[in-house]
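Please look over the protein shown here. A short report on its fold, its charged pairs and its rings follows the display.

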Amino acid sequence: MAPPEELDADQVPDEPIDLGSDGFPVDEGAEPASIALRAAAVAGSGTAKWATKNIGTKSEYQQDCTNFVSKALYYGGKMKTRSGGRKHDRAWWQQYYLFGSIKNKSYTWSGAENFRRHMTKYRKAPSVSKKNARPGDIVMFKWKKEKVYNHAAVVVGNSGRDLQIRQHGGPSKTTLSAAIARYKRKANYIERVIILRPRSRG
């Protein structure tokens, strides 16, 4: 994973999902019901389908979560790349050389915090609630002892009670609640969660 630039997550505005005293997202007051699965603005259904179909692909990095999410958005969601310096937040791209033996990717493609800043600042991706999340949305996680968001996953379904997610890092097929529960009683628990909705292909 590309090392994120040093920036505290609190310095960049977002709308984190409120976590209750039990560490889980606070009930948003809606009656649990099956939610119609509609595509997000960046071919969300395509992003979710790619993530589901390709969950078993080989990881390219020790921490491969954001690389996996970027591939789902690019190959499945048809989100267009953006040129720019490898370390700049406005860029989002990947390149392969010598028949794929050498890879070069922007920090935003493979680093979670860089990806989050790219999506919120340059693609204007809004935060959405758990209740309104839909396939193709991206879940970002921040742990208590980390300064920045350092994990990303793809939403592939919403039952009304919980989100189905696909990810590289941890169980590949899981739910938002289960992902949070894995760290609930640890010192470095998941402190904040946001869900981003990719808005445009450009």
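The report goes from the overall fold to individual side chains.

## Basis

This is a predicted model, in which local features need pLDDT of at least 70, side-chain atom pairs count only at pLDDT 80 or more, and totals for chains, interfaces and linings use all residues. Residues are numbered from 1 along each chain as its sequence is written, and side-chain values use heavy atoms, with hydrogens and water left out.

## Overall fold

The protein has 5 helices and 7 strands. Both are DSSP runs numbered from the N terminus: helices are H or I with at least four residues, strands are E with at least two. Along the sequence the pattern reads α-α-β-β-α-α-β-β-β-β-α-β.

Of the 202 residues, 50% count as buried. Buried means under 20% relative accessible area, exposed means over 50%, and partly exposed lies in between (1.4 Å probe, protein chains only). The accessible surface comes to about 10,100 Å², and 49% of that belongs to carbon and sulfur atoms. Areas come from the Shrake-Rupley method with a 1.4 Å probe; for residues, only the protein chains shown count as cover. Among contacts between residues at least 6 apart in sequence, 66% join residues at least 24 apart. A contact means heavy atoms within 4.5 Å.

## Salt bridges

Side chains of opposite charge can pair when their charged atoms come close. The whole structure holds 8 salt bridges. Each is a side-chain nitrogen of Lys or Arg within 4 Å of a carboxyl oxygen of Asp or Glu.

E113 bridges to R116, with the closest N and O atoms 3.0 Å apart. Both residues are buried. They sit 3 residues apart in helix α4 (residues 112-122), so about one helical turn separates them. D137 pairs with R197, and here the closest N and O atoms are 2.7 Å apart. D137 counts as buried because its relative accessibility is 0%. R197 is also buried, at 13%.

E191 and K144 meet in a salt bridge at 3.4 Å, N to O. E191 lies in strand β7 and K144 in the loop between β3 and β4 (151-158), so the bridge ties together parts 47 residues apart in sequence. Both ends are partly exposed: E191 has a relative accessible area of 27%, and K144 has 39%. Salt bridges that share partners also join D89, E113, R116 and R117 into one network.

## Aromatic pairs

The structure has 8 aromatic pairs. Rings of Phe, Tyr and Trp (its six-membered ring) pair if their centres lie within 6.5 Å; planes under 30 degrees apart count as stacked, over 60 as edge-to-face and the rest as tilted. W50 and Y75 are stacked, at 6.0 Å centre to centre and 20 degrees between the planes. W50 is in helix α1 (residues 44-53) and Y75 in helix α2, 25 residues apart. W50 is buried at 15% relative accessible area, whereas Y75 is partly exposed at 38%. Ring pairs link W50, F68, Y74, Y75, W92 and W109 into a cluster.

W143 belongs to strand β3, and Y183 to the loop between α5 (176-181) and β7, 40 residues apart. W143 is buried, with 9% relative accessibility. Y183 is partly exposed, with 22%.

## Strand β3 and the surface

F141 is found in strand β3. Its relative accessibility is 1%, so F141 counts as buried. Leaving out residues up to four places away in sequence, F141 touches Y149, N150, H151, A153, I165, L176, A179, I190, R192 and V193. F141 and H151 are 10 residues apart in sequence and 5.2 Å apart in space, C-alpha to C-alpha.

On the surface, Y74, Y75 and Y96 form a nonpolar patch with about 270 Å² of accessible area together. Patches are made of residues with over 30% relative accessible area and no salt bridge; like charges are joined within 9 Å, nonpolar side chains (Val, Leu, Ile, Met, Phe, Trp, Tyr) within 5 Å. Y75 has its place in helix α2 (residues 65-76).
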